[in-house]
Amino acid sequence: MPDIKAVTHVQNIRYDRKEEALYIIDQTLLPGEEKEIRLQTAEEMVEAIRSLRVRGAPAIGICAAYCMYVLAKSIRTEDRQMFLRRLSDYGLQLDAARPTAVNLGWAIREMMRTALEHVHDTRGQMLDALYEKAVEIHRDDIAKCTAISEHGLTLLKEGDGILTHCNAGPLATSRYGTALGPILLGTERGMHFRVFADETRPLLQGARLTSYELLRAGVDVTLICDSMASIVMKNGWVQACFVGCDRIAANGDTANKIGTSGVAILAKHYGIPVYVLGPTSTIDMDCPDGDHIPIEERDGEEIKTMWYERPMAPADVKCYDPAFDVTDHDLITAIVTEKGICRPPYKKSLAALFRDKA
Ligand code: MRU
């Protein structure tokens, strides 16, 4: 029997008001161990974000908001300008931990804006406002993921096969997730899908996290190596590709986990639609196109030695390890946000999302 709540109600990020403590589930230990760790210092926070203990664009934004609150509490000065400078320095440190996902900088800016708005209040009032803002960012994400899931579900029908890459489920966000949201919501409503989860080299988010979440929820999931995406498409087993996003440029070019653009190119060949699902906080209207998205490069040891008992490549071989790639907008069938489904031309449809807000 599917048990969707077993994954949608996991608290991947939790602020304990009684203990005044911030906890995250350490995603690097999954699927073997579901263990919480506490984040107290800026160093621990930066390390947790950089080493993907907390990961997924919306989740690192939510986590950074609580981090800013915890760090604000640690600043001991009555001088407000000094307080703002120190908080801003912490924000810069957190933001630099991962450059591609725009949600991180967005959440930090929201927290800084709140601090500025309350600069003339008492320290207690300002800290309360920062806490409330972090909770609001978190709650908003739950609402956004639910709405994305509803919109995304309209693109699926009973029995569909879906290919997904990386992990855009509850662990990467809150509640339903983005790319996994329609699948979890549909399953909750009695629908059946067959999901193919790319293992997602080199950090294996698909193997370790997506297959873990879907299996736990009772969804029919089959794990494949990234190189097997083509054969499952050719076999006619995939009716749609659902992927998340880390930054969407104004023209619809989308950065997501390395390998996503390859999936989209294959899908085009086989005539399979590609849907990108994410909150509007992942859309960067100041970024004109994919060429302007900063792509995080990581240590080649992730390719050579991580996960292996003994090295699987010559120790001194050169490695190129970009964490993300950009899928060209013309490979994307639609972009699903909490405000609805955007279709090409994206310059127009994405801009309309923000115009409507004003
Ligand atoms: O490096 P990661 O694991 O943080 O990369 C995550 C992704 O690429 C996700 O697909 C994206 O952040 C969307 S999460 C809803």
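Modeller: Strand β7 runs parallel to strand β10 (residues 274-277), and three bridges join them. This is a predicted model, in which local features need pLDDT of at least 70, side-chain atom pairs count only at pLDDT 80 or more, and totals for chains, interfaces and linings use all residues. Residues are numbered from 1 along each chain as its sequence is written, and side-chain values use heavy atoms, without hydrogens and water.

Biologist: What makes β7 and β10 a pair?

Modeller: Two strands pair if DSSP finds at least two bridges between them; β7 and β10 have three bridges, so they qualify. Cys241 has Val274 as its bridge partner in β10.

Biologist: Which sense, parallel or antiparallel, does the pairing of strand β4 with β7 take?

Modeller: β4 (residues 161-164) pairs with β7 in the parallel sense, over three bridges. Ile162 has Ala240 as its bridge partner in β7.

Biologist: Which way do the residues of β7 (residues 240-243) point?

Modeller: Ala240 and Phe242 point one way, Cys241 and Val243 the other, and all are buried, that is, under 20% relative accessible area (1.4 Å probe, protein chains only).

Biologist: Why are helices α3 and α5 called roughly parallel?

Modeller: The axes of α3 (residues 57-74) and α5 (residues 102-117) cross at roughly 30 degrees and come within 7 Å. Angles under 35 degrees count as roughly parallel, and α3 and α5 are therefore described in that way.

Biologist: Which residues of α3 meet α5?

Modeller: Among them are Ile60, Ala64 and Met68, where contact means heavy atoms within 4.5 Å.

Key. Axes are lines fitted to C-alpha atoms, for helices over the stretch in contact, and angles run from 0 to 180 degrees between N-to-C directions. Helices (H or I, at least four residues) and strands (E, at least two) are DSSP runs, numbered from the N terminus. Angles under 35 degrees count as roughly parallel, over 145 as roughly antiparallel, 65 to 115 as roughly perpendicular and the rest as oblique. Buried means under 20% relative accessible area, exposed over 50%, partly exposed in between (1.4 Å probe, protein chains only).
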